[in-house]
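Take a walk through this model, one region at a time. Keep the sequence and the 3D view side by side.

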Amino acid sequence: MAETVNGVAFFLLAFASIGGAVMMLSTRNVVHAALWLLETMLATAGLYLLLDAEFLALVQALVYAGAVSVLVLFTIMLTLRRREDAVRPFEPGWGALALAALFGGAMLLAISRAPLPVGVMPESVPTMADFGRVLFTEWAVPFEIASLVLLVALVGAVWWSGGDRR
């Protein structure tokens, strides 16, 4: 990793991403949780950028850090009646924490015993033009199916949120 990626920046961004996720789950204020989610998404975009995945970094920053975070903040603002409603009671999910620890332990055990192949970096990194060419030629049908599924989900969400006006 040291030959291709700045290791210090990678570990700082990885720590920021994981730390932001932990803070998002542990904070009592939902607005603060949304801001920690934004920090996590930006750190993830930085990780993509360090790994020479410019397109993923751009999508992560624009769609997730930009649009989704703003949507979450607007949803919080529209659904809260009072400022005090933003603070939720602290109810640690000890059962969920135990299950997560058990799952993490099982994953570490499986990874330590499995012979994992060593990753090989490609000789050249595909450019955005290469990515676009493959996306709209070889992967055009799955891309259109995903677009159709997202459109149906959007129409369903609009219909579902119609409320009493139906």
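Begin at Asp-52. Asp-52 counts as partly exposed, at 38% relative accessibility. Asp-52 sits in the loop between H2 and H3. Its phi is near 60°, a positive value in a residue other than glycine. Bear in mind that this is a predicted model.

Two packed helices are described by the angle between their axes and the distance between the axes. Here helix H2 covers residues 30-50, and H2 packs with H3 at an angle of about 175°. The two axes are 8 Å apart. An angle over 145 degrees counts as roughly antiparallel, and H2 and H3 are therefore roughly antiparallel to each other. On the H2 side they include Val-30, Ala-34, Leu-38, Met-41, Ala-45 and Leu-49. On the H3 side they include Glu-54, Ala-57, Gln-60, Tyr-64, Val-68, Val-72 and Ile-76.

What does Gln-60 touch beyond residues up to four places away in sequence? The residues are Met-41, Thr-44, Ala-45, Tyr-48 and Ala-65. Gln-60 lies in helix H3. Is Gln-60 buried or exposed? Gln-60 has a relative accessible area of 11%. Buried means under 20%, so Gln-60 is buried. A polar atom of the Gln-60 side chain lies 3.4 Å from the backbone oxygen of Met-41. Met-41 and Gln-60 are also both listed in the contact between H2 and H3.

Ser-69 is another stop in helix H3. Ser-69 is buried, and its relative accessible area is 5%. Its side chain reaches the backbone oxygen of Ala-65, at 3.2 Å. Setting aside neighbours within four places in sequence, Ser-69 is in contact with Leu-38, Met-41 and Tyr-64.

Val-72 has a relative accessible area of 28% and is partly exposed. Val-72 and Leu-38 are 34 residues apart along the chain. Their C-alpha atoms are separated by 9.8 Å. Both residues belong to the contact between H2 and H3.

Go back to Glu-54. Glu-54 lies in helix H3. Its relative accessibility is 42%, which counts as partly exposed. Which residue is 73 residues apart from Glu-54 in sequence and 8.9 Å apart in space, C-alpha to C-alpha? That residue is Thr-127. Follow the chain there, and the next topic is helix H5.

Helix H5 covers residues 128-137. The model counts 3 aromatic pairs. One of them is Phe-55 with Phe-131, at 4.5 Å centre to centre. The angle between the planes is 40°, and the pair is tilted. Phe-55 lies in helix H3, residues 54-79, and Phe-131 lies in H5. The pair therefore ties together parts that are 76 residues apart in sequence. Phe-55 is partly exposed, with a relative accessible area of 29%. Phe-131 is also partly exposed, at 37% relative accessibility.

Another pair joins Phe-136 and Phe-143. The ring centres are 5.2 Å apart and the planes are at 80°, so this pair is edge-to-face. Phe-136 is exposed, with a relative accessible area of 52%. Phe-143 counts as partly exposed, at 31% relative accessibility.

Charged side chains come last. Side chains of opposite charge can pair when their charged atoms come close. How many salt bridges does the structure hold? The structure holds 1 salt bridge. Asp-130 forms a salt bridge with Arg-133, and the closest N and O atoms are 3.0 Å apart. Asp-130 and Arg-133 are 3 residues apart in helix H5, so about one helical turn separates them. Asp-130 counts as partly exposed at 29% relative accessibility. Arg-133 counts as partly exposed too, at 49%.

H2 and H3 pack in a roughly antiparallel way. The Phe-55 and Phe-131 pair ties H3 to H5. Within H5, Asp-130 and Arg-133 form their salt bridge.

Notes. Residues numbered from 1 in each chain as written. Predicted model: local features only at pLDDT ≥ 70, side-chain atom pairs only at ≥ 80, totals over all residues. Heavy atoms only, no water. Phe/Tyr/Trp six-rings, centres within 6.5 Å; stacked < 30°, edge-to-face > 60°. Helix = DSSP H or I, 4+ residues; strand = E, 2+ residues; numbered from the N terminus. Buried < 20%, exposed > 50% of the residue type's maximum accessible area, 1.4 Å probe, protein only. Polar contact = N/O pair within 3.5 Å; in protein donor to acceptor, adjacent residues only side chain to side chain. Contact = heavy atoms within 4.5 Å. Salt bridge = Lys/Arg side-chain N within 4 Å of Asp/Glu carboxyl O. Axes fitted to C-alpha atoms, helices over the stretch in contact; angles between N-to-C directions. Parallel < 35°, antiparallel > 145°, perpendicular 65-115°, else oblique.
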